[in-house]
Structure formats: C-alpha cells, structure tokens
Number of protein chains: 2
Amino acid sequence: MAVQAAESSTTPAANVSLGPAAALSCRECGERFPLGPIFACSSCFGPLEVAYDLPSGDPEELRRRIEAGPASIWRYAPLLPVPADVADRPNLNPGFTKLVKADNLARELGITGALHVKDDSGNPTHSFKDRVVAIAVEAARAFGFTTLSCSSTGNLAGAVGAAAARAGFRSCVFIPHDLEAGKVVMAAVYGGDLVGIEGTYDDVNRFCSELIGDPLGEGWGFVNVNLRPYYGEGSKTLAYEICEQLGWEVPDQIVIPIASGSQLTKIDKGLKELIRLGLVADKPYKIFGAQAEGCSPVSRAFKDGHDVVRPVKPDTIAKSLAIGNPADGPYVLDIARRTGGAVEDVTDEQIVDAIKLLARTEGIFAETAGGVTVGVTKKLIETGQLDPALTTVVLNTGDGLKTLDAVAPTTGPSATIRPTLDSFREAGLA
Amino acid sequence: MAVQAAESSTTPAANVSLGPAAALSCRECGERFPLGPIFACSSCFGPLEVAYDLPSGDPEELRRRIEAGPASIWRYAPLLPVPADVADRPNLNPGFTKLVKADNLARELGITGALHVKDDSGNPTHSFKDRVVAIAVEAARAFGFTTLSCSSTGNLAGAVGAAAARAGFRSCVFIPHDLEAGKVVMAAVYGGDLVGIEGTYDDVNRFCSELIGDPLGEGWGFVNVNLRPYYGEGSKTLAYEICEQLGWEVPDQIVIPIASGSQLTKIDKGLKELIRLGLVADKPYKIFGAQAEGCSPVSRAFKDGHDVVRPVKPDTIAKSLAIGNPADGPYVLDIARRTGGAVEDVTDEQIVDAIKLLARTEGIFAETAGGVTVGVTKKLIETGQLDPALTTVVLNTGDGLKTLDAVAPTTGPSATIRPTLDSFREAGLA
C-alpha cells in the first residue's frame, strides 16, 4: 500500500496545476498522494498536507519578486498551492493586512520590546478566513468543483459566500438552524444557498461528511473538509506577511489563537519555509497558543504535560475558537514545547477586558478571538512566560463588529444629558 | 476687512506646519485667512477650505515619490494639509483601499466599459470617515487641541473614537440618546467619553455649536465643525487613489453618494489638482451624485433645474446619507452640471436590492450608502444618463455589517432541514 501510494504520487491528477504544490503528504506516516480533493491518509488516516517543490535559487531575487507583487496573499504565490496567474483570476485578494506597531498597548502591558498586532480584521470579510478560503477556491477550480460549501457558525460562512460570489461558484453553506439573526444575514447576503440544519454544530458537521460521500455532493468542494489540505495552507501567509513587514525578520515571540490549532501549525510551517529558503535569517522563535478558559483543552494538556488533548464541551463567548476537540491539538503542543513557547487561557471576563484594552490603546476593535490573544499575552507576561524585552507579534484574527454581544453589556455612554451646557457641566466630563 | 484678512493670510498661526497647506480661503468670496481652527468666512460667512502651495516640478518624479510611499492616504502627503512626517505619527493609516474591477456586476448592469467599485469598507473602522478624521487629527495636533469630538449617529463616532485612542487624544463624542444599541457599542468601545443627548440629532448639533463657543469647549477639536476645512480634504484622497489605481488615469464617470455633499466636491477638487499637477492627462469626466429618495433634496433640485436646495426631513434606511439640508448641495449641483453628470435617487427597496446585487456579484457587502450608489448607477444606465461603454467608478463608502437591519428582513436561509440526506434532497438544493 505504502509503495503504491509512493508510486502514484509521481503522477498527479490530470490538469491539476497548483504552482509549487507537488503532492499531498501524510503528516503522520509521510506517505505521499497525488494532488486531489482528499484529506486523510488511506494508510494511517493521518491528516494530509501539501508538499512543495519550493523555488531554489537566490533568496534576494525571490524577495524582490515578492515585494514587487500585489498587496495581497498572492505576492507569495510562489510558496502557495495556487497557479502562477492566480492574481488575475476573480477573487477577493485577501491579505497583506496591517501589522500595527502597538506602542500604547505595549506600555500598558509592560512590554519594553517592540509589540505588533497583526490585524486581520482588514480582510475583505473582516476575518483571517478570507486567506484560507481564497486558497481553497483555487483548489476547487483545479479539481473542477462548481459548488463551494462548508459548515460554519460564523466567519467562515461569510468568507465562503463572498469568495464564491466573486469567483463565479455556486455556494451552499450549512449552519445550525438556531444561529443568531445577525450571523444568518452575514452568511446569506452574498446570495448563495444557506441551509439551516435542525441540530447542533456537530450534527451539521456529520451531515456534511455524509454529503461528501454521497452522489448528491458530486462537484462540491467543502473548503474545510475535502479541500482542507489546501485551505489550511492559507494561514502560512500570516507568517510570510509578519516577517516581510518586520523587514524580513522572524519575530522572537508570536501569540496565536487556537480553534482547531491549524492556524498555529501553519504559521510555524511558514516560518520554517522562510528560513529554509533563506528569505529570513535562521533564529529561534517562540510560539504561544491562546485559548478561552471555557474551551481550553490544549492549554489544559500543555499545563498537565500531556501529549494528547482531552475533548471538552465549549462554553465561552469566544465562539470562533469554540472547538472542543481540536484536530491539530497534539501538533500545537509539539510546537509550543519545541519552540519554548506555551499555551495559556483566559476567562470570558478577561477576554472582554482585553478587547477593550486593545480598542482604547490602539483603536482596533477586535473579535472575541482577538480578546483571547491580547488577554493571554497579558497573562503570559504576568506569569513570566513571555519575555517583555523581546519583539512580540499578537494576532487579531477577526472584527469586533461580528461579536458586538461580547462587549455590549459593559459598553455604553459615559453620561446622558439634556442639550444644555449646564447639563453637560453637571456631568463632569468637560 | 478683506484687506486685513488678505494681509493676515501671509502670517499663519505660530507653530502651524501643515505641509503644503498655505491658508484657508472662502469658497464664496475668495478671502484668505491664516491656518487655524475656523470654518466660516468672517466677511460673507461662506465655508472655508484649504488653499495650497502645491509641489511644482516634474510630475514623473512626484508620481514616483507617491508610488514609493506607504499603502495609505499618507502616500499623498505632499497634496494634503498634513506635516511631511505624518506617516511616522501614531494614526490609523487609512486609505489605499481596494479598487475592485467589477466584471460580474458590469454584466448584470449592461455595462460594457470597465466598471470598478472603490471599496472603502476596507478602512480601519470600515468607512471612508477614517480618511477625513485622520486629516482632522493632524490639524488638531497642529492647533494644540487635546480632545477630539464630533456629533454623530454612526460611522463618524467610531472613526473619531478609534483615531483618538491611537493618536493619544481624549475623545468625547455626542450622540442622540436613543441610538440603536449596536451603534452605541461601536461608538463607546474605544474608551473615550460618549454622551447621549436627550433630543434629536439637530439638538445634538446645536449643543455642539454652543460648546465650541464656550470656555467648556476650550482645547476641543470638533472634527466636522471647527476642523471641518481640514477634515473635508481627506475625501480628496479618494480621487487620488482611484486615478493611481487606474494607472494614473481619470475615469470617465464616477458615482458618489451625497450626504452633506462635501465628499463629492472634494473628489472633484482632487481630480482637478491631479490634472493641474500633470499627474494625470487632462480629459473630461462626469460626476454623478447619488441620494436615497427619502432624503433627496439635491436630486430634486437637479431635476427641477434649481440652483438652491430646499431642505427636507429625511426618511430613509440610508441613515449615513440622511442629511436633509446638505451644506454643499449647491456646489454639488454645480459640479454635476459642469461635468455633464447628474444627480439621481433610488427608493429604499432599490437600495436593498442593490446591496444584494453587489454582494452576490462581487462578494462586497456594502452599507446602505453603497446600495444607494449601486442602485443609482443602475438607474442612470436605464435612463440613459450614464454611458455603459465608458470607464465607470462607483463608490462604496461603508460596511454592510454596520447596517445589517437594512437587509435582515429579506435575507435568510434558503431552507431549514433535518440533518439527513433525504431531508436535503427534498429541499431541492442539491
């Protein structure tokens, strides 16, 4: 079996041209498979990821080529599973979001080194999901899919709907039927089909898995299931951008939110690629994972010194991180330990405080996931796990407008007055 | 009086260094005043605007200098009332948002020329207000103000709160006390003071005018009142970016929303500057204004052939455009007529349809103001006022996440099913 697969990996599926992507390879046993809409190793059921023939040659020239590219993730096309002409295809051109030097926040946190916030709320649908979906769209084109799909409770639904609309795909997104009205609007406004499923999010996922195996799902690309190996690679661009925006330097410390854990593992993969290619100098870096206490299975395992992650039932306001059984949890533990980082968690109250702290210091209104990373950064400093004298990058992966409910109960007017100077004077705000 | 003012214009206020800004000049009588926090001509009460000593010399070199600048409005610092080192000061770095080639939308509208959407939802707080506020912040610094303020019912409150937080100003924003909860959160989250006023938006504005004249308001910069001449200049950057993003070419037709009308007049000003400086070739362009039928005083005057704009009481879902007595209305009429454009309006139903049309064709979820411009573009084509064979740019000035209520009643799931393939098959969506 292993031999067969190794052989087949030299003959990729016909007509598939995804740039430097050479094959899929199993993260557990290393077996290779031709590029295709598959996501699990047929030998060991391990997750598949994209293996590359990365560009060789002068790093200086590659750097120049990247710098001359478009202001989107497509400047890194030579390092992604996408065709070389990807920037000319209709897509949302996500990425190359701001890396904000956060001096005010640094002061409040007692950070004396350089602190930066990588602010992915600047993406087209205002979350990092635009990055991963954009890569999945190119895979879907390559494999001849005509419908883009996913299960989602939030950011992903909007990202898929928008990307499909612009790229000329039909979309059909599955959500739990009792999702909040605002999120339903965001998911439905792009005109694709939106299907409410009577059941929990787990039921939605189970249904999607069934659909992929059924003739009904023919021609359907589920961005986070059968296109997952490609989709996940989109998160590498966060590593590329951070380093380029720091002047082609790897930061000393990065704080990354953990949902499935995929984003963290792909950022680590991206950093290693940059080092291997000579685009940045090789140096040690520490990766920190951030969870909400109400869904902290990886943090728990890290603190307990375990290698396996025990699933939990999520109960937190950080809904975009509420994955109780994170698929990449063990890999996250590995990376945090190997790099000398850590995994930490904060309470819902600390998340809200951190959202407000970031807003009032830097004018960035983050989603709850951004409250988690900022809150965890604060805790890591207080507990001596993060060195305040080094260069630190904190990720904000989404937009506060999408999680207004989190801050609404504690955010309101300082005063209500009559429209007179006397009334204003009495309020004591002048 | 006029002579005195002319003399005083040669001696600007001490310590005021706002780059190429040379003076304020009255748009009505032309009288000049030194740079300062004033907004009305002391002779004729006409509105003041910034007069420049614009760079002379080789346009090719200026183009190169701009292109090498930051990916924000600060690339145009040599054409704005800001100090040369503005990009190094803490601010939100707004602008240089995407100009999206909208081929799908063009097909639906029967546009055969190039159609582009200038998508300002990509700004830091997701509306074009970040542009104008960023310029006002620099004026506030120059004049030694310590508090940033405004009256607002929406986008501006968030833009001021965020900009003040990052730039190190105190902020105090005034809103009607009965604003929707979501908008209150967006205005308050940046940690400045937010004051609800018991009264209408008109009462809020009247109160702010009183405060400016009172010792209580000492050191306060109201971005859209005593800093208005500077603030307004921020909209010129839309013209600069559009032309640069079109390869330093003026588009044939631009469709711009009208609230006060300031944005439209400043875009015209920006285009004329680019032509005068030789940064773009001189060519005719048509400017179209877009209003909601429920607040269409300028459209009404345009159609009736009037020079004056009769105030109306706004009643439309396009709340960010709901200014019943638009200060720059007469100038808008002038520009639309001079350039061979027009002013048109659409109903609330057409606004909602247009929001959805833009979302399902290009994956852009616009605020109601974006529904107004897209809807008006459609109507202008249908009525033969806009040439579908020419290059057209349509502005989207805000984000759909801020006006979810507009589309919520008509945007929902295609179906709700049980989590089984049979149930999905019955729904007829496969």
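Tutor: Contact here means heavy atoms within 4.5 Å. This is a predicted model in which local features need pLDDT of at least 70 and side-chain atom pairs count only at pLDDT 80 or more, whereas totals for chains, interfaces and linings use all residues. Residues are numbered from 1 along each chain as its sequence is written, and side-chain values use heavy atoms, with hydrogens and water left out.

Student: How many residues does the contact take from chain A and from chain B?

Tutor: Chain A gives 67 residues to the contact, and chain B gives 67 residues.

Student: How is the size of an interface often given?

Tutor: It is often given as the accessible area lost when the parts come together. Buried area is that loss, taken with a 1.4 Å probe and summed over both parts; chain A and chain B bury about 5600 Å² between them, with 66% of it on carbon and sulfur atoms.

Student: How many salt bridges are there between chain A and chain B?

Tutor: A salt bridge is a side-chain nitrogen of Lys or Arg within 4 Å of a carboxyl oxygen of Asp or Glu, and the count between chain A and chain B is two. One of them joins the side chains of A:Glu362 and B:Arg166, at 2.4 Å from N to O.

Student: Which strands of chain A and chain B pair in the parallel sense?

Tutor: Strands are DSSP runs (E, at least two residues) numbered from the N terminus, and two of them pair if DSSP finds at least two bridges between them. Strand 14 (residues 415-417) of chain A pairs with strand 8 (residues 193-197) of chain B over three bridges, and A:Thr416 has B:Gly196 as its bridge partner.

Terms used: Chains lettered and ligands numbered in written order. Buried area = accessible area lost by both parts, 1.4 Å probe. Helix = DSSP H or I, 4+ residues; strand = E, 2+ residues; numbered from the N terminus.
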